[in-house]
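Please open the structure in your viewer and keep the selection panel at hand.

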Amino acid sequence: MSGLDITLVGADVLRPDGLDQAGSISITGAELSDAAQARQVDLKGFLVLPGIVDVHGDGFERHLAPRRGAMNEMDQGVLAAEAEFAANGISTAVLAQFYSWEGGLRAPEYAERVFTALAAVRGQVATDLMPQLRFETHMIDDYAALPDLIARYDLPYVVFNDHLPHAKLAAGKKPPRLVGQALKAARNPDVHLAMMQEMHARRDEVPAALDALCELLRARDVRMGSHDDQSEAGRSEWRARGVKISEFPETQEAAEAARAGGDYIILGAPNVVRGGSHNGNVSAKDLIAEGLCDALASDYHYPSPRRAALLLERSGVLDLAGAWHLVSRGPADVLGLKDRGEIKPGLRADLTILEADSKRVAATLSGGVVSYMNGAIAARFLR
């Protein structure tokens with residue numbers, strides 16, 4: 001896809017050094033430029049910001065599987081998800097896909113279908129789509145095949161999860177929601193429970209398996225993150241393996257340990273918008289106020305990055321530049337993407353354009369290509 005050759009004038013533009021009122025910004029193909037273009041569009045009344053980089057989100061699941069059994073055209077589901085990214089100002093999106101014993105939409109075979117569909121449509125969309133593999137650490141028998149899968153789909157980012165209810169299993173009790181979870185996975189509940197018990201029984205094999213896998217992935221420059229860190233000791237163990245990203249730490253202790261160790265900290269934008277965690281974990285807003293956040297992620301709700309950044313500015317926790325950094329340059333740094341996240345000549349022309357008054361998304365550009373545009377701003381471009 002080819003980008004625009006255009007100069008936008010009259011808008012308030014958020015640059016690295018602050019807000020440039022009634023500024024101008026040029027786009028030459030896929031990049032931002034300081035060379036004025038022949039064609040100009042007046043964007044007075046709009047706010048131009050760096051494109052949102054969503055560093056972790058699984059809300060795309062509802063597009064790929066809108067109801068049970070309706071999963072036959074997954075490439076169309078990815079296209080529908082991309083439209084939602086764009087409508088919410090997201091120019092780069094990480095699709096976080098489970099590889100889990102939980103089955104259903106989280107099953108290993110389903111993950112391969114998702115990665116196949118993503119690869120098939122990536123060249124058809126404007127939004128930069130990136131896959132992420134979320135691996136359940138107690139699937140001991142799957143470690144051997146994992147490096148090949150990661151290489152086959154060129155997966156740049158792997159996150160480690162453990163959703164086994166160890167306390168219940170150790171006590172010999174049935175975990176909550178067992179029957180519903182088993183049915184979603186198309187398993188007999190007794191078979192499902194036996195599988196969980198076997199993985200729990202082999203828990204002592206996990207550390208060595210993780211050590212070997214992380215060493216291999218580190219040598220391949222695959223980014224690695226841990227999910228739901230709870231303690232300083234746990235974060236230190238992950239860091240020793242080269243796992244330098246802490247996704248959604250659940251406690252102040254874990255977040256402080258990540259910062260002290262120089263690790264990246266990702267928090268959930270919905271946590272900010274809601275005013276707290278829906279699981280009773282530490283407040284993202286409080287951690288941000290203490291400087292314990294590098295990036296905000298959509299998690300499960302794509303409108304939330306924009307809303308969270310604006311809420312942080314409105315409530316005085318951060319200024320606009322600092323708040324928007326958490327959804328643009330911050331997550332770009334986490335992903336190692338040095339070509340985006342700021343409005344500066346030479347970088348990708350990734351822009352989120354908001355209506356200045358309502359702060360609604362008016363347009364989104366990714367690599368100089370329009371991925372979303374509503375009626376009010378479209379009329380300006382069509383003049």
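Begin by selecting Arg235, which is buried, with a relative accessible area of 0%. Please bear in mind that the model is a predicted one.

The side chains of Asp229 and Arg235 meet in a salt bridge, at 2.8 Å from N to O. Asp229 is buried as well, and its relative accessible area is 5%.

Now select Lys244 together with Asp263. A salt bridge joins these two side chains, with an N to O distance of 3.3 Å. Lys244 is found in the loop between helix H9 (232-240) and strand S11 (245-247), and Asp263 in the loop between helix H10 (252-260) and strand S12 (264-268), so the pair ties together parts that are 19 residues apart in sequence. Lys244 is partly exposed, at 34% relative accessible area, whereas Asp263 is buried, at 2%.

Then move to Asp58 and Arg134. Their side chains form a salt bridge of 3.6 Å, N to O. Because Asp58 lies in the loop between strand S6 (52-57) and helix H1 (61-64) while Arg134 belongs to strand S8 (residues 128-136), this pair ties together parts 76 residues apart in sequence. Asp58 is buried, with a relative accessible area of 13%, and Arg134 also counts as buried, at 3% relative accessibility.

Finally, how many salt bridges does the count come to? The total is 21 salt bridges.

Technical notes: Residues numbered from 1 in each chain as written. Predicted model: local features only at pLDDT ≥ 70, side-chain atom pairs only at ≥ 80, totals over all residues. Heavy atoms only, no water. Salt bridge = Lys/Arg side-chain N within 4 Å of Asp/Glu carboxyl O. Helix = DSSP H or I, 4+ residues; strand = E, 2+ residues; numbered from the N terminus. Buried < 20%, exposed > 50% of the residue type's maximum accessible area, 1.4 Å probe, protein only.
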